[in-house]
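Keep the structure in view as you read.

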Amino acid sequence: MTANPNTPLTNSVSKEKIDLSKKPFLTSPEQKAIVFLDLDGTLWMHEIIPDSALKAIREARENGHLIFVNTGRSKDGAIQSIQSVPTSGQVYSAGTEIWMDGKRIFYRPMPSHKAKALFDRLQTTGCGIMIEGSDSSFSDQITRDYLQQLAARQGISSRYLHVPFYEDMRDEDWENVMKISVHGLKPGEIDSFLQENGMVLTLFSNQDFKDLLSGEITMKDLNKGTAFQSIQDALHKQFTTIAIGDSANDLPMFEAADLAIAMGNGTQEAKAAASWITDTIDNDGLYKAFEAAGLIKSR
């Protein structure tokens, strides 16, 4: 099954609109929340976090709320970038791995036999393949060539340029596959395989191949939104749930949250699905979102 953030399907995810300009969402200090923050376009731009966003996170945590970065990236691909962000924890690989206070509280990699079967099927398509694990990732030459071109075009480097090739994978590496990313896949080519194996292909926001697809394949029953319940189950405690994001890949956590807030710089899909729209990231948007949610006191 292919989940395309650019199709009308995403419009089915829509929260009831709430006016938070006069009254915050949380009205009592006793109400505690789990808050999910997307990375690019929400918490930071080009990995630069506004000072006001850091201030909001610290104040909210002091008030007893749990703040998590929630990213589609694997731990292996994200840990170096986000380990210094002062959050309560991290949600990686679309809800399949969750850390809190330096301890892993949820972990469910793709079953190894399914990961191997998916890899075998993808090899018949001629697309680029990146196998992403919790602690290590592996690619093929097609993906490495694509990433080199992308890095040259954007003027930035990528750690994925230096990951080993999949031929170096050991048995234990197959036991820790969180997702598999693809570049240059023909539309519909593996849809029946995904359906039969309970998987979903979520397309990346940027599509660089004409008439071909790039995205990440995960197990269908876990996503950025299911992580809310995974955390509450691990802590044996219920919380109000709040999601803040800016693009179509944030819709699963928008749908699962009690309150969904879109960034002012977000896509039309995200804004349409949100309960409330805050300011842009470069105009203290995250801080204002925390104020509107009642996570921190208004300035």
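**Contacts, shape and sheet**

Among contacts (heavy atoms within 4.5 Å) between residues at least 6 apart in sequence, 63% join residues at least 24 apart. The model is predicted: local features need pLDDT of at least 70, side-chain atom pairs count only at pLDDT 80 or more, and totals for chains, interfaces and linings use all residues. Residues are numbered from 1 along each chain as its sequence is written, and side-chain values use heavy atoms, without hydrogens and water.

The radius of gyration is 19 Å, which agrees with the value near 19 Å for a compact globule of 299 residues. That radius is taken over C-alpha atoms, and the globule rule is 2.2 Å times the number of residues to the power 0.38. The C-alpha trace spans about 55 × 40 × 35 Å along its principal axes. Of the 299 residues, 53% are buried, meaning under 20% relative accessible area with a 1.4 Å probe, protein chains only.

Secondary structure comes to 10 helices and 14 strands. These are DSSP runs, numbered from the N terminus: helices are H or I of at least four residues, strands E of at least two.

Eight strands form an open, mixed sheet in the order β6-β5-β4-β3-β2-β12-β13-β14. β6 (103-107) and β14 (276-277) stand at the edges, each with a single partner strand, so one side of each has no neighbour in the sheet. Strands pair if DSSP finds at least two bridges between them. β13 (residues 259-262) and β14 pair in the parallel sense over two bridges. There, I261 stands opposite W276 in β14.

Note on methods. Buried means under 20% relative accessible area, exposed over 50%, partly exposed in between (1.4 Å probe, protein chains only).
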